[in-house]
Amino acid sequence: MDLFSKRYTILVNDEPVELSIKNNKIRNAYFMNNRMSIELSEDIIKQIQTYPSTVINADKFDGNAEFTKSISKMMSQQLDLAILRNDKTTLSRFARSGLVENDKTADFLQSINNPTGVRKLLINTVDRTNSMFKILKLDRFLDKLKEKIADTKADAFLQTFQQDQFNKAVGYDSKLHLHQELDTELVTLASNFIKNHNIEVFDAEKVEDKQSEELFMQTALRNGFLVDDAKIAFHQTLEKNQISKYGTIEDNLSLIEKLKSNIEFLEKQDAMKNKTLKDFSKVSEDMTPVEKIDILVKNEEYLSMNEAQKLRLENDVIYDDVPITDEYLSNIDTSSADMGGYQEFNYNNDRLKSQHQVNTQQ
Amino acid sequence: MKEQTIEALGKAIEALDHNKVSWVNKHLVIDLNEKATVLLKSVEHFEDDELQKAINVSQEFLRDIENVISKLNGGL
């Protein structure tokens, strides 16, 4: 693990592309004094790091289409940005650099924007062929091709194309998609996939889960299903599995409520034994003072108290409705039969009583 | 038709050489080159309906890149 980023300079036509690399990842990239985004594979990053010097000529990567494509794309973005901002400093730097075809007889901007010029021609052709591939819905077509060939160059293109399609797939929403009707073959495919891969829950933050999702989408595409449907089928099946195993959230909430009321019932039943003052408090919750006295005089903890404590307790809990809390009980425990203890008990419980009255008024 | 398309795509791939353009345009040429390669592989490997589809797409693609090829071959 690197503690600090290391800076590397790649010279392209004598123009430096500054890269700072930490832990085999590009942290920052600067070109013509602007921070830019560059994506390079780990393999290329390793080549940069292992090069004997930190200044590397781009010629070293001659023949590496991925490197050339990334750097070229970044420069192209920088040029477009400079044109949009009318950034004359960057534009004149481009004009002098030889990174752009430049008709020296014409104005630099006119030369770039010339509709019959090479840049405009290429941009238009790439756009047209992109939409041509999209209109023909070549994703399934290309996926079939991927199965038939093992060609690195074509493979890289297919990978990117398919990844784009996956990223564009509709997000799963339980409310919208849980009951959506899907092709039964697709649902069976999803069920078998989930079963064979032992997937129980999907965590979007987990790389393995994302990989499983992608793998299923690839499988579904190969079987002729649409990317959106495949994603919905994957998550719908997972959610249905969870529901059949653990029930819906609503079911679980009503079960919790049921259990709570069962616990309350059992606690009350236990309290009916009327051993402690807490038992008394539970049993006498909704009773009138007269009914409360009947229960209190049979309470074991009450019977074990001295007369002064009994009197005080009767006043507090029967007439003044002071709740029997742990604090209240500890005051009774610490108080003794002698007057000093009794007074202290009175003082503490008077405080509790006034606090209770304030709470009740509020 | 299959052989002609393969030949035309092969020539297009050869012509779509990013070394012929400057750095800011290289990625565009590479993109077209990759598309041509994918179509070439499709025509080479597919059969029946799929082959026909691949040939149709390739013909359209070749028409689209005609101007680019002539520009690149003409020394810009």
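**Notebook: where chains A and B meet**

I began with the helix pair and noted that α2(A) passes α2(B) in a left-handed crossing, that is, with the near helix turned anticlockwise from the far one by less than a right angle; helices here are DSSP runs of H or I with at least four residues, and strands are E runs of at least two, numbered from the N terminus.

I kept in mind that this is a predicted model, in which local features need pLDDT of at least 70, side-chain atom pairs count only at pLDDT 80 or more, and totals for chains, interfaces and linings use all residues. Residues are numbered from 1 along each chain as its sequence is written, while chains are lettered from A and ligands numbered from 1 in the order in which they are written.

I then looked up the axes, lines fitted to C-alpha atoms over the stretch in contact, with angles from 0 to 180 degrees between N-to-C directions: those of α2(A) and α2(B) come within 7 Å and cross at roughly 125 degrees. I therefore recorded α2(A) as oblique to α2(B), the class left after under 35 degrees (roughly parallel), over 145 (roughly antiparallel) and 65 to 115 (roughly perpendicular).

Among the residues making this contact I listed A:Ile71 and A:Met75 of α2(A) and B:Trp23 and B:Ile30 of α2(B), where contact means C-beta atoms, placed from the backbone, within 7 Å.

Leaving aside neighbours within four places in sequence, I found A:Ile71 in contact with A:Val12, A:Val17, A:Ala58 and B:Trp23.

For the whole contact between the chains, I noted 31 residues from chain B and 37 residues from chain A, with α2(B) giving the most to the chain B side, 17 residues.

Key: Contact = placed C-beta atoms within 7 Å.
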